[in-house]
Amino acid sequence: MVLSYQRPFRPCKSLLNQYDPHLLDIYKAEMAYGVERFFLLSYCLACCWPGFNAKSNLRVVRQWAEIDFVFPSEEARKAAIEQRYYVPGNSVPIDVDVQHRNGGLKSRLFVTFPRFDEGRPVTLGTVEEDGRIAGYPEYGWHDHQGINCNGMTSVFRTAIDKCNRLWVMDAGKINEKQVCPPQLLAFDLNTDQLVYRHIVNESKYIATSLFITPIVDVRGFDDNDCSDTFVYVADVSGFGMLVVDVASDRSWRVTHRLMYPFPSHGTFTIDGESFDLMDGILGMALSPYRPGHDRFLYFHALASNTENVVLTSVLRNETFLHDSNAHPDSINVFPETRPNQSAAEAIDHKGIMYFGLMDPPSIVCWNTATEFSPKNFHEVAVDQELLQFASGMKIINNLKSQQELWVLTSSFQRVMTGSLSADRVNYRIHAEKIPIILANSPCLNPPKDQRPGYHANLITKTESKHTWRYGSASYL
C-alpha cells in the first residue's frame with residue numbers, strides 16, 4: 001500500500017503556505033497569540049501536513065545539518081581548509097556500517113564520504129560521540145587526496161562480513177579523474193589492521209568505471225572458516241561488475257545489458273526537486289547462505305525500476321578472465337517493476353529484502369520467496385522529510401544474535417541541485433531491530449506451498465519460452 005497524502009483544505013493551505021515546514025513545531029507553541037489561530041493551525045497540521053501522516057518503524061540514531069571532522073591538530077585543520085581538502089558543508093555521506101563490539105566496548109558507526117567533489121578530508125570514518133567524523137583507521141590514510149595511492153582515495157560503500165572484516169572498495173577517483181588505481185581493502189576489525197589489498201588491474205575497468213558497492217560472499221565449513229571469499233562490486237558508470245576471488249587474489253569483469261541505466265528513469269524527483277542521474281548498477285544484495293547450495297545475487301540500476309537476479313555460480317566462473325560478456329540468458333530481470341527508482345538494498349537471514357523508494361520517500365520490504373511485484377511490497381517506513389534518498393542500507397547482527405536494519409538517508413536532491421542549506425537537517429542514520437520492524441508485517445508470510453529456507457526467485461527455461469517460478473531454488 002502506498003501512502004496517499006490528503007490534499008489541504010483551502011484555509012489550511014492558506015495558513016501553511018506562510019511558514020517553512022521546519023518552523024511549524026515552533027508555531028504550535030504560540031497559543032498565547034490567540035486560541036483560535038492555535039486550534040486552526042493544529043487542525044491543519046493533523047489533516048493536511050504530509051509529515052503528520054508519516055509512518056515509521058525506524059529510529060533516527062544520528063542526524064546532521066552538515067558534517068564536521070576530527071583533525072590531528074588545529075594546524076592540520078587549517079592546512080586542509082587552505083588546500084581546499086576540507087570545504088565545510090561539502091561532505092556528503094553515502095553509506096553506513098556498524099560494528100557491535102564485545103567486552104563492554106561501544107558499537108562503532110562507519111560512514112563513507114566519496115570524493116565526487118572537492119573538500120572532503122576523510123572518505124571513510126567513524127562517528128564520534130560529538131557527531132564529528134574521525135578518519136578510519138586513522139587520519140593519515142585520507143589526507144593525501146590522491147597523491148599517495150597507498151591510502152584511501154574515494155570510498156562509496158563498505159561491507160562487514162561474518163569474519164569481522166571491514167571490506168572497503170576504493171574507487172580511486174576524485175571528481176571524474178582516476179588519480180589512483182581502484183583497490184579493494186579489508187581490515188581486521190579486532191585490530192584495525194589492513195589484512196588484504198587487491199589493486200584492480202587496468203584491464204578490468206574502463207575510463208568511465210566507478211566501483212561503488214561491494215557485496216561479500218563468505219562460505220566455509222563453519223563460522224570460523226573464511227577461506228572461500230568472493231566480493232562482487234558494482235561498477236555504476238562502467239555498467240558492469242567486478243568479481244574478486246580473494247583466495248587466489250584474482251579479479252575479472254562481468255558485463256550484461258541489465259547493468260545499464262534506463263534513460264526513461266534517469267530523472268529523479270524528491271520532495272519537489274528534480275535532477276538527472278544516469279547511473280547503472282548500484283543496489284545489490286545476496287540471498288542467505290545455505291551450505292551446499294548456490295546463492296542468488298539481486299541487483300538493479302539506479303536509473304531503473306526493475307530488479308535482476310543471477311546465480312553466483314555464474315559470476316564466480318573464471319572464464320570471465322578472457323571474455324567479460326555474460327551470456328544473455330544467464331542474468332534475468334523480473335517481469336514486474338517497482339513504482340519508481342531505488343538506491344540501496346539488503347536481505348536478512350530469512351530472505352526478506354529491504355529497499356528504499358524515491359516517491360514517496362520510504363523503506364519497503366519484500367519476501368524473496370514471493371513474486372517480485374508491488375502487491376508483495378509492504379511499507380516499513382514512510383516519511384516525506386526523514387527518508388529521502390536511502391543511499392546506504394545494511395543488515396547487522398547484534399550481540400544478542402538479533403538482526404537490525406540500518407539506513408542512511410540524505411537530501412541528495414539538494415546536493416544535486418545546489419540548494420543544500422545548513423539551516424535544516426540533511427543527513428540521517430536510522431536503525432531498528434528486524435523483529436520490531438516486521439511485527440505483523442505480511443513480509444513474514446511466504447507462499448503456503450513453499451518450504452522454509454527457499455528465498456529466491458529465478459527464471460527457469462524451457463526450450464521455447466521463459467517460465468517464472470517463485471522461491472524456485474527448490475527446483476535446482
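This is a predicted model: local features need pLDDT of at least 70, side-chain atom pairs count only at pLDDT 80 or more; totals for chains, interfaces and linings use all residues.
Strands here are DSSP runs of E of at least two residues, and helices are runs of H or I of at least four, numbered from the N terminus; two strands count as paired if DSSP finds at least two bridges between them.

Ala 234 stands opposite Met 241 in β15.

Together with Tyr 232, Val 254, Met 284 and Leu 297, Met 241 touches the most other members of the largest nonpolar core, which has 59 residues. Strand β19 (residues 281–286) gives the most to this core, with four residues. A second, separate core of 19 residues includes Ala 344, Ala 346, Val 380 and Leu 438. A nonpolar core is a set of buried Ala, Val, Leu, Ile, Met, Phe, Trp, Tyr and Cys residues joined through side-chain atoms within 4.5 Å.

I turn next to a hairpin. Strands β17 (residues 267–270) and β18 (residues 273–276) pair in the antiparallel sense over four bridges, and Phe 268 has Phe 275 as its bridge partner in β18. Two residues lie between the strands, and Asp 271 in the turn has a positive phi of about 50 degrees.

Asp 271 is also one of the contacts of Arg 414, leaving aside neighbours within four places in sequence; the others are Glu 273, Gln 388, Ser 419, Leu 420 and Arg 424. Contact means heavy atoms within 4.5 Å. Arg 414 lies in helix α6 (residues 412–417). Is Arg 414 buried or exposed? Its relative accessibility is 4%, so Arg 414 counts as buried (under 20% relative accessible area; exposed is over 50%, partly exposed in between; 1.4 Å probe, protein chains only).

Finally, confidence. The chain averages a pLDDT, the predictor's confidence in each residue from 0 to 100, of 86, and 83% of the residues score at least 70. Over residues 1–52 the pLDDT is below 50, and over residues 451–476 it stays under 50.

Local features need pLDDT of at least 70 and side-chain atom pairs count only at pLDDT 80 or more, while totals for chains, interfaces and linings use all residues. Residues are numbered from 1 along each chain as its sequence is written, and side-chain values use heavy atoms, leaving out hydrogens and water.
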